[in-house]
2 protein chains.
Amino acid sequence: MSLVVVGSVAYDGVVTPHGSVERMLGGACTYISLAASYFTPVRIVGVVGHDFAEEDHQLLTGRGIDTAGLERADGLTFFWQGEYFENMNQRRTLRTDLNVFETFDPKLPAHYQDEDYLLLGNIQPALQRQVRAQMKSPKLTGGDTMNLWIDIAREELLKTIAEWDVLVINDEEAHMLSGEKSLRKSAEKILAMGPKTLIIKRGGDGAAIYRSDHYFVAPAFPLDSLFDPTGAGDCFAGGFFGYLAGIGFNPASDFDKKELNRAVVFGSVMGSYCCERFGVDRFRTLTREEIDARYNQFKEFTHF
Amino acid sequence: MSLVVVGSVAYDGVVTPHGSVERMLGGACTYISLAASYFTPVRIVGVVGHDFAEEDHQLLTGRGIDTAGLERADGLTFFWQGEYFENMNQRRTLRTDLNVFETFDPKLPAHYQDEDYLLLGNIQPALQRQVRAQMKSPKLTGGDTMNLWIDIAREELLKTIAEWDVLVINDEEAHMLSGEKSLRKSAEKILAMGPKTLIIKRGGDGAAIYRSDHYFVAPAFPLDSLFDPTGAGDCFAGGFFGYLAGIGFNPASDFDKKELNRAVVFGSVMGSYCCERFGVDRFRTLTREEIDARYNQFKEFTHF
């Protein structure tokens, strides 16, 4: 039932129309693991520098996250700084200091290798493959990627996702990866690349599941105000995979397709909570009861 | 149970990436009434010129539409010509000849005036009020408008919609009418203008219901190819109001909110079928069974 998560653990600086924060805990692995931790035990693989604060480490372990695979390297933790524009759908990167992340060589502790669930956060595709190769026989492997790898490491990326059950990307990445303008045609082409399940995230416009035998679409949860979207896509992935791991989902079985729908809705719920505060702050107080309440609200406003 | 519909009856010319048609039956009243006719008896009010073809008249009467209120004036029928861009979400008007529509003075036949349901298609707000005033006491009054009236006849429009139960507009119009950027804030402001129910259409991104006590959002039906979106918004309104009229919906009663959700889904279904052929062509063969089948598919891909 444990979910192994690999990805960046970082410090972020953000500027939004609602204010700015110079330095806060961030990184795909952080957001994914915090979101997933509400559904299933999580074990992370990542690297941080000597500046990684004990209180940040405790935020993770306090949510029951296994940090045995979180390496402490000599140097500074990955730092990213970005600015959101007025509509909050677009951002630009102001600064990227890879620091210890530049030479990240993920190694899975022995007790991770037998786990059934693996989520490969957005890192170089070659590293994602290397992590996948260290797992014995996960039931479900999925991951994310980004425009950079589609652009500069396309062949490696195609080899990598060919081994995955689920690919989770956003609409821009789907168009870029497939070369198609319509989402449905993009999905068709991407499904032919290997993953049997494709999840396309569309930010404020929700998310959809594409499979050759299934289609599902969920709107975004309507937030009164979008505060800081940093990490929302990763929290979506964390909620999605966390839920599936928590129920012992097996894609090789004759599973109920509605479980995938529910996973997308839990993913959307986690993404929506993430946006309510700067960085990971919402996860300091969020409870499973609040998550279930929003899941039920989702049902209220989509069922007919 | 009959739905009275007022609006333009026109000939349209369209240019799309899929081809072009020089002249075909169109107009808001035409699309609305054809779509609504699958759910409830419809009586239309409109004006056409001496060039209005008998076969076009028969398409309407063949669907059981009462055309007693369709005036034949001396002159030519309203003509509109537009061109769709590659993404099919935007269009530009190439030509507008108001013709007999310029002096349209809607008069309701006596047997229309007792009906319970009234849908005011997009025409000058003053004319919409004039039609409303001719009805004795409709249970449900709703309508559409457009950017032009929000721009040049704002005060008249505000007086007009203050009398409506339901306003159906698209997202651009909602932003323009409210002066707000977010859809939720737009909705809040518009609900304060009078209508207790606001439906915001978002084309390929679906549609949502906003009420002070209810929220619902439906995605757009995923079409393999969007052929000609002309009239899709009107067909949405026709399906929405047609369904409500068909079930005898009474907004003054303690009604089931889910009936509004179902109406939106039937509206979306009608809009989606409309896009599958040029102009009104899809309605020459469409059956209620096909409508119900798509409604059920909608349920499949939105429920969890």
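Visitor: Which handedness does the crossing of H9(A) and H10(A) have?
Guide: In this predicted model, local features need pLDDT of at least 70, side-chain atom pairs count only at pLDDT 80 or more, and totals for chains, interfaces and linings use all residues. Residues are numbered from 1 along each chain as its sequence is written, with chains lettered from A and ligands numbered from 1 in the order in which they are written. A crossing is left-handed if the near helix is turned anticlockwise from the far one by less than a right angle, and right-handed if clockwise. For H9(A) and H10(A), the crossing is right-handed.

Visitor: How many nonpolar residues does the contact of H9(A) with H10(A) have?
Guide: Residues are in contact if their C-beta atoms, placed from the backbone, lie within 7 Å, and Phe266(A) of H9(A) and Tyr295(A) of H10(A) are among those making this contact. Ala, Val, Leu, Ile, Met, Phe, Trp, Tyr, Cys and Pro count as nonpolar, Asp, Glu, Lys and Arg as charged, and the others, Gly among them, as polar. By these classes, the contact has one charged residue, two polar and, of nonpolar residues, six.

Visitor: Is Arg202(A) buried, exposed or partly exposed?
Guide: A residue is buried if 20 or more other C-beta atoms, placed from the backbone, lie within 10 Å of its own, exposed if 12 or fewer, and partly exposed in between. Because Arg202(A) has 19 other C-beta atoms within 10 Å, Arg202(A) is partly exposed.

Conventions: Helices (H or I, at least four residues) and strands (E, at least two) are DSSP runs, numbered from the N terminus. Two residues are in contact if their C-beta atoms, placed from the backbone, lie within 7 Å.
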